[in-house]
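User: Hi! I have a structure open on my screen and would like to talk through its side-chain contacts with you. Could we go through them one at a time?

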Amino acid sequence: MNRIEGRVKVTGLATYAAEYPAEGVAYACAVQSRIAKGRIKRVDGGPALESPGVLAVLSCEDPPRMSEDADPELALFQHREVAYRGQIVAAVVADTYENARAAAAAVRVDYDPDDHDVTLSADHPGLYKPDVVNPGFPTDTGKGDVEAGLAAAATTVEVTYETPVLHNNPMEPHAALAYWDAEGRLLVYDTAQGTSTSRDMIATALGLPPERVRVVSRHVGGGFGSKGSTRPQAVLAALAARAVGRPVKIALTRQQMFDVTGYRTPTIQRLRLGADAQGRLTALEHVAYEQSSTLVEFAEQTTVPGRVMYATPALRTAHRLVRLDVATPSWMRAPGECPGMYALESAMDELAYAAGLDPVELRIVNDAETEPGTGLPFSSRDLVGCLREGARRFGWERRDPAPGIRREGEWLVGTGVAASTYPARRSPCQAVATVWDGDFLVQVAAADIGTGARTALTRIAADTLEVSPERVHVELGDSDLPRAPVAGGSMGTASWGSAVVRACEELKRDGKKGRADTTEEIKGDAELARHAFGAQFAEVRVSSVTGEIRVARLLGVFAAGRIVDPTLARSQFIGGMTMGLGMALMEETLTDAEFGGFLHRDLAQYHVPVCADVRDVEAVWLDERDGELNPMGSKGIGEIGIVGTAAAIGNAVFHATGHRVRELPITPAKVLMPRF
Ligand code: MOS
């Protein structure tokens, strides 16, 4: 299907959070900390209050009333302590955006600074073992004897890979418009990956019962995880609106987004792999070192792919975390799996070279019958099918494995492969379907963050009702609709779709209305390992003169259950792969060790791929039938596309140049380095 909202989007009629008209609206602008750690001595809002159009200055000098249960990243102006550079320490509300912004610059904040520490290292004395890693996995796992496996191996690889801080950069900045009505009910037009959860987080922060808050996000211009939990703009708009008795709008600047909307934790990952003469793993150990803030423990699940991917008699995975004077890391597309698979799949490539085996074959001989970490059967697993189909389409059999020998003028040419995996989950969801003017209305508080969720759900409902999609109208993006989980973890369609199918089935029986809640149904799901798999192939050209790296071809082959809509799915896959290309070659946020905070704070410095960087990207999928997932038989596809891409490109760069770069991004300087 074509996207239902395609026309309103391309004609500019789709309304995003900051665009709703509001009578008497005022504007808020945040003031951010200039120190990384310490205490606010005094906030002087005097000069700002005298600026034109200023209505209020909010700060810890007169803390707005909030709940003690507020998420610490949302507890604005409640404390004098500063946890990181860039943290919101005050805000100005004025009649225009320009006046608010000018006055924000006039707010004086005096600090009592302390020494800060913003640098992750694998021997940091503050490293500890968190109780669990996101979203509830065991921190460490082990089976068999890793040391014995390594000792008995014919080939071993011991390597350290590093990934930098990465930032989501959705086109739509984080923005909100908040109103309090006469009865004290709060309405927030927010940019959220889930209005039900955003409503709950805002209500908790403000100490309100959830029914006193409504969150509306009808269109969201990308999120990738950065809008998966409520960010400060929503709470700031609500506090500011309460303070001035008018609706208040706030749109973060791109620079502010880098500071307060979360980021992917940097990682240091140590891997030890051993294989016998046939390439079969004898041991796999994967340990990740990551950071969180002093405010909140966010422990990313970096080494979980090792628990899913390959058969091995000895397996150890572990995570260590250190709390630094930094902002809290947050969700970024395939959090955990993406950086973890970058390191694992790069190390597997190193193992293939060390053992003299083809990297596709190495993965095939190590395919797992049951999930290595748990012993559970897979609901379905077709990694081997993806590798074989990818190799066939890509022309892999013509590949000369020797690195650094193919040259076309100044260009060194190479190819690489990596595997992908991502969990296929679903969460409880509610939905209502009703006969509506001869057509059908389906209501669910799902979120369309640019993925085409409206369209996918329309199709799912039409299939169930056995009517044409034109007769189905899906209403989403509003917390007053039946409760739904976020568009995240690649489980939006699986979760919402399950509820939509059940509601539509009941409507068919009842003739008028169907209402569903999948909580009980999901409790009855069999205990199985459910994951999507994929294989990614890359061809790169590396200039031997400048070190410039061009990705000439990218191919992804995925086994992700039944594909609900091919057009939407292709966009998701190639979008994920493009984001993975950015991760491989461009994206990096440097932390400022001296002053704290981030050095990259806009799209001039933080490079993301543009069309010219993305040449031949192709995504295809295998026809996979899996009856153990949900009524659609679908696995999520939002994140599998990014997992593995960076490793495939890095492996291709090695094949092209003979030089292994183990720190992302793979920049020209790092590629040229061995020459000097
Ligand atoms: Mo995605 S990081 O699960 O929103």
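Predicted model: local features only at pLDDT ≥ 70, side-chain atom pairs only at ≥ 80, totals over all residues.

User: Which residue forms an aromatic pair with Phe 378?

Analyst: The partner ring lies 5.9 Å away, centre to centre, with 80 degrees between the planes. Planes over 60 degrees apart count as edge-to-face, and that is how this pair is classed. Phe 378 sits in the loop between helix 9 and helix 10, while its partner is in strand 24, 155 residues apart. The partner has 0% relative accessibility and counts as buried; it is Phe 533.

User: How are the rings of Tyr 179 and Tyr 189 arranged?

Analyst: A search of the whole structure gives 13 aromatic pairs. In the pair of Tyr 179 and Tyr 189, the ring centres are 6.4 Å apart and the planes meet at 65 degrees. Since the cut-off for this class is over 60 degrees, the arrangement is edge-to-face.

User: Tyr 179 is in strand 11 and Tyr 189 in strand 12. Which ring joins them in a cluster?

Analyst: Of the two, Tyr 179 is partly exposed at 26% relative accessible area, whereas Tyr 189 counts as buried at 16%. Ring pairs link both of them into a cluster with one further tyrosine, Tyr 20.

User: Now the charges. How many salt bridges does the structure hold?

Analyst: One of them joins Arg 39 and Glu 81, with the closest N and O atoms 2.7 Å apart. A salt bridge needs the nitrogen within 4 Å of the carboxyl oxygen, so this pair qualifies. Over the structure, the number of salt bridges is 41.

User: Are Glu 172 and Lys 227 buried or exposed?

Analyst: Their side chains meet in a salt bridge, at 3.2 Å from N to O. Glu 172 lies in the loop between strand 10 and strand 11, and Lys 227 in the loop between strand 13 and helix 6, so the contact ties together parts that are 55 residues apart in sequence. As for accessibility, both Glu 172 and Lys 227 are buried.

User: How many residues apart in sequence are the parts tied together by Asp 478 and Arg 214?

Analyst: Asp 478 and Arg 214 form a salt bridge whose closest N and O atoms are 2.6 Å apart. Asp 478 belongs to the loop between strand 22 and helix 12, and Arg 214 to strand 13, so the separation of the parts they tie together can be counted along the chain: 264 residues.

User: Is Asp 478 buried or exposed, and which residues are linked with it in a network of salt bridges?

Analyst: Asp 478 has 3% relative accessibility and counts as buried. The network links Asp 478 with Asp 480, Arg 185, Arg 214 and Arg 218.

User: Last one: which ring does the charged end of Arg 553 sit over?

Analyst: There are contacts between a charge and a ring here, including Arg 660 over the face of Phe 654, at 4.1 Å from the ring centre. For Arg 553, the charged end is 3.8 Å from the centre of its ring. That ring belongs to Phe 394.

Technical notes. Residues numbered from 1 in each chain as written. Heavy atoms only, no water. Helix = DSSP H or I, 4+ residues; strand = E, 2+ residues; numbered from the N terminus. Buried < 20%, exposed > 50% of the residue type's maximum accessible area, 1.4 Å probe, protein only. Phe/Tyr/Trp six-rings, centres within 6.5 Å; stacked < 30°, edge-to-face > 60°. Lys NZ or Arg CZ within 6 Å of the ring centre and 35° of its normal.
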